[in-house]
Amino acid sequence: MILVTVGTERFDELVRAVDELVARGQFAGEVLVQIGQGQYTPEHVAHVRYLRDMSVRIAQADLVITHAGTGSVCDCISSGRPFIAVVDQRKSGNHQLEFARALSERFDFCWIDSPTALAAALPQARPARPLSQFGVAELADDIRQAVSGRQRRMQLA
Amino acid sequence: METTQPAAVAATDECQADQRPLVLVTVEGGGWHHQTVRILRRLSPEEFRFAYVYGHVDEHHYSRKLAMPHAGARYPIHHIGQTRGRPLRHVTNVGRLALSFWEAWQLLVRLRPAAILAVATPVALPLFMVGRLLGVRCLFVESLTRVRDLSLTGRLIYRLRLAHRLYVQWPGLRERYARTSFAGAVV
C-alpha cells in the first residue's frame with residue numbers, strides 16, 4: 001500500500017501530482033490518497049478525506065508520500081517506513097520549507113520542495129535515520145517542573 | 001462559552017479537593033495536535049489533572065474529533081470561540097477580542113487551573129492575557145515548524161510578555177529571542 005497524506009488541511013497540488021503519476025502507471029501497487037480539505041478530487045486513485053488511524057496506516061504502508069507538516073513527518077520518522085516529505089510552500093510563512101530543511105540536519109530523510117519533483121524523487125524514498133539526538137523527554141520534563149513550580153526562578157518570557 | 005460535557009464538569013467539581021495541579025491544555029488540529037499529544041504522554045495523570053480547551057465554535061470541526069491522552073469524563077472539554085489560523089482576529093476585531101477575554105475569564109475563574117499549556121495555538125492569546133491577571137502559569141510551546149522565526153501568535157506572546165515560559169524547539173530561535181527557553185523538541 002502506498003499512502004499519500006496531506007494532513008488536516010489541504011495540498012491540492014500534491015494530490016494532483018499523485019493522480020497524474022497514477023494515471024501514467026508510475027506506481028506499482030495500491031495507492032490511497034488522504035486529501036483533507038482539498039478541493040481537487042483525484043480521478044485515477046482511491047481517496048478519503050481523513051483517516052482516523054493515520055499513525056497505524058503509516059506504520060503499515062510500503063511507502064508514504066506526505067506533506068511536510070510536523071505531525072505527519074514525525075509519524076513517518078517514528079514509523080521507520082520509507083517516505084517522501086513534500087513541502088507545501090504556500091503554507092503560512094513557508095514554514096514547511098524551513099522545517100524540512102532544519103529537520104534534515106537532524107535526520108537523513110527524503111524531502112522535496114515541490115510536488116513537481118515527486119516523480120524524480122520516488123527512487124529516493126527511504127526510512128528516516130537520526131543524525132543526532134534531542135527529544136521530547138527533556139522538553140516535557142521542563143514543562144512538568146514549570147507547572148509544579150519546582151523551578152528555581154520563573155523567567156518572564 | 002459552551003460546555004460540551006456537563007457531566008464531565010460535575011466530575012471536575014467533585015475533584016476540587018484533589019491536590020493535583022490542574023493543567024488547562026489548548027487543542028487545535030494539524031501538527032499542533034500531534035506535538036501536544038507527544039508532550040502530554042510524558043505528563044503523568046498521577047501528577048496532574050487535565051482539562052482541554054478548543055479554539056473552535058463549530059462542533060463538526062475535525063479538531064473536535066481528535067483523540068487526546070488522559071481523555072475521559074474527568075478531563076472536560078471547553079471551547080472559547082474560533083481562532084484557528086486567524087490570530088489577528090484577536091487584535092483587529094475588537095468585539096472578537098472582548099468576547100474572547102470574557103470567555104477566557106469565565107473559563108479560568110471557574111476552573112482555576114495551575115497552568116495553561118498551549119502548543120503554538122492562537123487561542124493561547126486571550127487565555128494567557130486573562131491567565132496572567134489571575135496568577136495562572138502560562139506555558140507556550142512554539143511549533144516545531146518554526147525554525148528561524150516565531151509564529152505570529154508566538155511573537156505577540158513574546159512582545160506582550162504573556163508567557164512565563166516560551167519554549168522554542170530550535171536552539172537558533174533561542175539565540176534570536178533572548179527571553180525564550182529551549183529544553184528539547186517534539187521529534
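Let's start with one pair: Ala118(B) sits opposite Phe140(B), a residue of strand β6(B). Before going on, this is a predicted model, where local features need pLDDT of at least 70, side-chain atom pairs count only at pLDDT 80 or more, and totals for chains, interfaces and linings use all residues. Residues are numbered from 1 along each chain as its sequence is written, chains are lettered from A and ligands numbered from 1 in the order in which they are written, and side-chain values use heavy atoms, with hydrogens and water left out.

Back to the strands. Strand β5 of chain B covers residues 115–119, and five bridges join it to β6(B). The two run parallel. Pairing here takes at least two DSSP bridges. Strand β6 spans residues 137–141 of chain B, and four of its five residues are buried, so it is largely enclosed by the rest of the structure. Buried means under 20% relative accessible area, exposed over 50%, partly exposed in between, with a 1.4 Å probe and protein chains only.

Now the helices. How do the axes of α5(B) and α6(B) cross? They come within 10 Å and cross at roughly 15°. That makes α5(B) roughly parallel to α6(B); the cut-off is under 35 degrees. From α5(B), the contact uses Ala124(B), Leu125(B) and Phe128(B); from α6(B), Thr153(B), Leu156(B) and Ile157(B). Contact means heavy atoms within 4.5 Å.

Last, the whole chain. Chain B has seven helices and eight strands. Helices are DSSP runs of H or I, at least four residues; strands are E, at least two. Of its 187 residues, 59% count as buried.

Conventions
Axes fitted to C-alpha atoms, helices over the stretch in contact; angles between N-to-C directions. Parallel < 35°, antiparallel > 145°, perpendicular 65-115°, else oblique.
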